[in-house]
Every structure is written in structure tokens, then in C-alpha cells.
Amino acid sequence: QVSLVESGGGLVQPGGSLRLSCAASGSYFNINNMGWYRQAPGKERELVASIRRDRSTTYADSVKGRFTVSRDNAKGMVYLQMNSLKPEDTSVYYCNAAISLTRWSSGEFWGQGTQVTVSS
């Protein structure tokens, strides 16, 4: 069974930095797109950043220039480096991945979420 496990959330002051990590575990054939979403209380879940297997990336306008997504294909990991954090970045951050379980089947997987709080 495949699962995604996030780490690295926490409390940080405005202007600070955090790095989130997400590791895929279990048996799978390949990992395709990986990314990060976030959901604040009372709001819909939104895409923060995604990275394809060729390492091309997409970012939400609100985080461009501040956040950087990267991945390690050999380790099955995706990272989110968050700099110049703002109070409005406070959310639960979720790791997401499109994973080929075999050559002929695939699925979308989510991590359990990690809280990021930006506050003085």
C-alpha cells in the first residue's frame, strides 16, 4: 500500500522560512506529478506548487518568487522551500502525488497534512 508522509511544518514568524518534505512509501512503479496544496479554515483547498517528473513546475501566483518546489525521483520525495512567509500562508499543507502502482494502473494520493502557522 502506498502512502505519503509529510514533515517540516510548524510555527514561524513573518518573514521566516520553513521547508516541508514528503516521502512516498510502499510499492509502486513510478511517480508522475507531485505537489503541494493548502487549505485554511473555511476555505477551499488550493494548489500551491506542482512539479512534473521532468522537473517543470507550476506555482500559485500568491507564492511565486517565495516558494520553491523540488523533488528527488530516486527517493520518491518532494520538497517545498517556503521563504518570506506571510500570515496569509497559514494553512494545513498537503502533499499530493500521481503514482503509477503498476505499468497499467495509477492513482492519486494525499498525505495527512502538516500545519504551517505564520505568526508573531
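Select Ser50 first: this residue lies in strand β5, where strands are DSSP runs of E with at least two residues, numbered from the N terminus. Ser50 counts as buried because its relative accessibility is 13%; buried means under 20% relative accessible area, computed with a 1.4 Å probe on protein chains only, while exposed is over 50% and partly exposed lies in between. Now show the contacts of Ser50, a contact being heavy atoms within 4.5 Å. Leaving out residues up to four places away in sequence, Ser50 touches Met34, Gly35, Ser56, Thr57, Thr58 and Val69.

A note on the numbers: residues are counted from 1 along each chain as its sequence is written, and side-chain values use heavy atoms, without hydrogens or water. The model is predicted, so local features need pLDDT of at least 70 and side-chain atom pairs count only at pLDDT 80 or more, whereas totals for chains, interfaces and linings use all residues.

Next, select Cys22 and Cys95. They form a disulfide with sulfur atoms 2.1 Å apart; the cut-off for a disulfide is a pair of cysteine sulfur atoms within 2.5 Å. A search of the whole structure finds 1 disulfide. The pair links distant parts of the chain, with Cys22 in strand β3 and Cys95 in strand β9, 73 residues apart. The S-S torsion is about -80°, so this disulfide is left-handed. Cys22 is buried because its relative accessible area is 0%, and Cys95 also counts as buried, at 0%.

Which residues touch the most other members of the largest nonpolar core? Select Trp36, Leu80, Met82 and Tyr93, out of 28 residues in that core. Such a core is a set of buried Ala, Val, Leu, Ile, Met, Phe, Trp, Tyr and Cys residues joined through side-chain atoms within 4.5 Å. Strands that each supply at least two residues include β3 (18-25), β5 (46-51) and β9 (91-100). Stay on Tyr93: beyond four places in sequence, its contacts include Trp36, Leu80 and Met82, along with Glu6 and Arg38.

Finally, colour the open sheet of 4 strands, which has the order β1-β3-β8-β7 and antiparallel pairing; two strands pair if DSSP finds at least two bridges between them. Its edge strands are β1 (3-7) and β7, each pairing on one side only. Zoom in on β3 and β8, which pair in the antiparallel sense over 6 bridges. There, Leu18 has Met82 in β8 as its bridge partner.
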